[in-house]
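I opened my notebook for a friendly walk through this fold, from the overall contacts down to single side chains. Here is the structure I had on screen.

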Amino acid sequence: MNIVDLLSQRSFSGEKMQKIPLFASDKMFCDQYCLLPGQSQKIHSHAKEDKVYIVLEGEVICHIDGEEALLSEGQATIAYAHSPHGVRNDSLQKSVLLVVMAPKPEAKTL
């Protein structure tokens, strides 16, 4: 059994939002995003993948398909494939998200 201590995996950087890989398989992945006040994930989209954002600590503004909503601890949302999405921490506190994406994106080749 693969068990991860989410609290010990948290990491923050003044430079940019931190993405901490927790689990991955050939079908999906699960990361923990750690955002300091003012940090964000740029708005982007995925051709085939759905992404779920779950707020574990603090609050974030979620942007999905041109709409924005404030999500607080215990709330979640989904960005379906092709939907432009991103998150930002406009609060004065740290924010932590659990992020699940499926299917797992194919590796980009150079």
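**Contacts and ground rules.** I began with the contacts in the protein that have a separation of 6 or more, and residues 24 or more positions apart account for 62% of them; contact here means heavy atoms within 4.5 Å. I kept in mind that this is a predicted model, where local features need pLDDT of at least 70 and side-chain atom pairs count only at pLDDT 80 or more, while totals for chains, interfaces and linings use all residues. Residues are numbered from 1 along each chain as its sequence is written, and side-chain values use heavy atoms, with hydrogens and water left out.

**Overall layout.** I found one helix and eight strands, taken as DSSP runs numbered from the N terminus (helices H or I, at least four residues; strands E, at least two). From the N terminus on, the order is α-β-β-β-β-β-β-β-β. I then looked up the radius of gyration: 14 Å, close to the 13 Å of the globule rule for 110 residues, so the protein is as compact as a globular protein of that length. That radius is taken over C-alpha atoms, and the rule is 2.2 Å times the number of residues to the power 0.38. Along its principal axes, the C-alpha trace spans about 35 × 35 × 30 Å.

**The sheet.** Which strands form the open sheet, and in what order? I read five, in the order β1-β2-β8-β3-β6, with antiparallel pairing; two strands pair if DSSP finds at least two bridges between them. β1 (18-24) and β6 (76-79) stand at the edges with a single partner strand each, so one side of each lacks a neighbour in the sheet. Inside the sheet I looked at β3 (residues 50-57) and β8 (residues 95-102), which run antiparallel and are joined by seven bridges. E57 stands opposite V96 in β8.

**Rings.** I counted one aromatic pair (ring centres of Phe, Tyr or the six-membered ring of Trp within 6.5 Å; planes under 30 degrees apart are stacked, over 60 edge-to-face, the rest tilted). Y33 and Y53 make up that pair, edge-to-face, at 6.4 Å centre to centre and 70 degrees between the planes. The pair links distant parts of the chain, with Y33 in strand β2 (residues 29-35) and Y53 in strand β3, 20 residues apart.

Are these tyrosines buried or exposed? Y33 counts as buried at 1% relative accessibility, and Y53 counts as buried at 0%. Buried means under 20% relative accessible area, exposed over 50%, partly exposed in between (1.4 Å probe, protein chains only).
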